[in-house]
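Dear colleague,

I am passing on to you the structure shown below. Please look it over beside the notes that follow it.

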Amino acid sequence: MSGGTALMLMMKAGVLRPSRLVNLRRLGLDQIKLGSHGELQIGAMVTLRALEKSPLLKGWRVIAHTLRTLSNVRVRNVATVGGHLAHGDPHMDLPPLLSALGATVTIAGPKGERHSPVEGIYAGYLETTLARDELITQLRLPPLGDRRAAYLKCTTRSADDWPALGVAVVLDGQRTSIVVSAATDKPTRLASVEAAEALHIESDLHGSAAYKKQLLRVYLTRAIHEARHASR
């Protein structure tokens, strides 16, 4: 158990019935620091609020901006980076953005450590590639440099609600990185803007597939425009 914000809801709903809970608070994974190559190293037990308020995040303003409407401040005070990534819900806000930014995670288990791109964690709806005896211990975020980034989401109710669609765009010269979430069963990278038309869209409580397809057409254009005009 990290923050427990998703875990406790699943337990209350009877979706998950663990025989034992292990608190991860004392593992020393709650530090944020800059690496020797300018990358941001974020411990898995860092809360979303601590990350949002960290002065080290000033080089990645797009993440701070995204965190401000990620659920509400009460949840962000408790929810952790590792739990947010490991939950596997495609409606989470950070996975598509971190994937587009080229972030990686360190994963520890009995056989040692391994590293994975953030997008490599996800296998499907609430499914991850983490083994039962593995934990995410750290998130590593490469320097933004001259790249420009934006994340937009469409919610059907309040701004901090679960999104019907999330679109992350990172511009690096002539190269455009696009990752879509919430409308798909996992964060999904698009090979090009045109590929959005062929993307399989999922219907859910937040909107039909046809509705989300139209949202994608509109929000992809908006996200690219916002990324072009984003400050570094």
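The notes below go through the cores, the sheets and a few individual residues.

Please bear in mind that this is a predicted model.

**Nonpolar cores**

The largest nonpolar core comprises 37 residues. Within this core, the residues with the most contacts are Ile-63, Leu-85, Leu-98, Leu-101 and Leu-139. For Leu-101, neighbours within four places in sequence being left aside, the contacts are Val-62, Ile-63, Leu-141, Pro-142, Leu-144, Arg-147, Ala-149 and Val-170. A further core lies apart from the largest one and has 22 residues, including Ala-150, Leu-199, Ile-201 and Ile-224.

Strands E8 (148-155), E9 (163-172), E10 (175-181) and E11 (188-190) make up an open sheet in the order E8-E9-E10-E11, with antiparallel pairing. E8 and E11 are the edge strands, each of them pairing on one side only. On average, neighbouring strands of this sheet are turned by 20 degrees against each other, direction ignored. Between E9 and E10, which run antiparallel, there are seven bridges.

Helix H7 (residues 209-228) lies across E8, E9, E10 and E11, and its direction is at about 35 degrees to that of E9.

The buried residues of H7 are Lys-212, Lys-213, Leu-215, Leu-216, Tyr-219, Leu-220, Ala-223, Ile-224 and Ala-227. An α-helix has 3.6 residues a turn, so residues three or four places apart point the same way. In the list for H7, Leu-216, Leu-220 and Ile-224 are among the buried residues, and Ile-224 also belongs to the core of 22 residues. The cover over the buried residues of H7 includes strands E8, E9, E10 and E11.

Thr-155 is located in strand E8. Its side chain reaches the backbone oxygen of Ser-158 at 2.8 Å. Neighbours within four places in sequence again left aside, Thr-155 is in contact with Asp-161, Trp-162, Pro-163 and Ala-164.

The hairpin of E1 and E2 has five residues between the strands, and Gly-38 in it takes a positive phi near 85 degrees.

Which way do the residues of strand E2 (residues 40-43) point? Leu-40 and Ile-42 point one way, Gln-41 and Gly-43 point the other way, and all are buried. E2 also pairs with E7, in the antiparallel sense and over four bridges. Here the bridge partner of Gly-43 is Gln-138 in E7.

Strand E7 (residues 135-141) is joined to E3 as well, by five bridges, and these two strands run antiparallel. In that pairing Ala-108 stands opposite Leu-135 of E7. On E3 (residues 104-109) there are also six bridges to strand E4 (residues 112-117), again with the strands running antiparallel. Thr-104 stands opposite Pro-117 in E4, and a hairpin of two residues joins E3 to E4.

Ala-182 has a relative accessible area of 2%, and so is buried.

With kind regards

Key. Residues numbered from 1 in each chain as written. Predicted model: local features only at pLDDT ≥ 70, side-chain atom pairs only at ≥ 80, totals over all residues. Heavy atoms only, no water. Core = buried A, V, L, I, M, F, W, Y, C linked by side-chain atoms within 4.5 Å. Buried < 20%, exposed > 50% of the residue type's maximum accessible area, 1.4 Å probe, protein only. Contact = heavy atoms within 4.5 Å. Pairing = 2+ DSSP bridges. Axes fitted to C-alpha atoms, helices over the stretch in contact; angles between N-to-C directions. Polar contact = N/O pair within 3.5 Å; in protein donor to acceptor, adjacent residues only side chain to side chain.
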